Amino acid sequence: MQLHFDVDGKVETICDRCGNPLTLQLWDEFNLIIKLVDDPDTMNSNEEDPDIFYIDRHESHFSVAAWIFEFINLSIPLQKVCKETEKGESTCNKEILDQLQKFRSNPNEIPNNKIWKDLDKFKNLGD
Ligand SMILES: [Zn+2]
């Protein structure tokens, strides 16, 4: 039995680079081949093809909920960043990126924050 899944929809997330809200259009398709066998557990643990799944040949139902969840997760890109313009320019929040760049090149200028205060004690230990 061969099942075919089309993932088509939108996901609300934030940009990995600048933190701006981001709507991603998802589109992907997956095939799953279900085979009826006598010993599905052993067959599944020995099967290397992720598109093949074994169930007991006496089984009358097969739940696809977990598979749909998995396929949706797989269709979300690993890196989620703001779109580029037609000229290939980033549409990320430039203000945020400038701030991040400033902190990176001058880590000492990070505003005084209580949570870092105790770490100052360790600053010169390595010298
Ligand atoms: Zn961005």
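How many residues does helix 3 have, and what distance does it reach from its first C-alpha to its last?

Analyst: The model shown here is predicted. Helix 3, covering residues 94-105, has twelve residues and reaches 16 Å from its first C-alpha to its last. That is close to the 16 Å expected at 1.5 Å a residue. Helix 3 is also hardly covered, for among its twelve residues the count of buried ones is zero.

Three of them form an open sheet in the order 1-2-3, with mixed pairing. Strand 1 (2-14) and strand 3 (52-56) stand at the edges and have a single partner strand each, so one side of each is left without a neighbour in the sheet. From one strand to the next, the twist averages 35°.

In general, strands of a sheet pair through backbone hydrogen bonds, in either a parallel or an antiparallel manner. Here, strand 1 and strand 2 (residues 21-37) run antiparallel and are joined by 13 bridges. Two positions illustrate this pairing: aspartate 8 stands opposite tryptophan 27 in strand 2, and glycine 9 stands opposite leucine 26 in that strand.

Strand 1 and strand 2 form a hairpin, with six residues between them. In the turn, glycine 19 has a positive phi of about 85°.

Finally, there is the matter of burial in strand 1. Of its 13 residues, the number buried is zero, so strand 1 lies largely in the open. A residue counts as buried here if 20 or more other C-beta atoms lie within 10 Å of its own.

Notes
Residues numbered from 1 in each chain as written. Predicted model: local features only at pLDDT ≥ 70, side-chain atom pairs only at ≥ 80, totals over all residues. Pairing = 2+ DSSP bridges. Helix = DSSP H or I, 4+ residues; strand = E, 2+ residues; numbered from the N terminus. Axes fitted to C-alpha atoms, helices over the stretch in contact; angles between N-to-C directions. Expected span 1.5 Å × (residues − 1).
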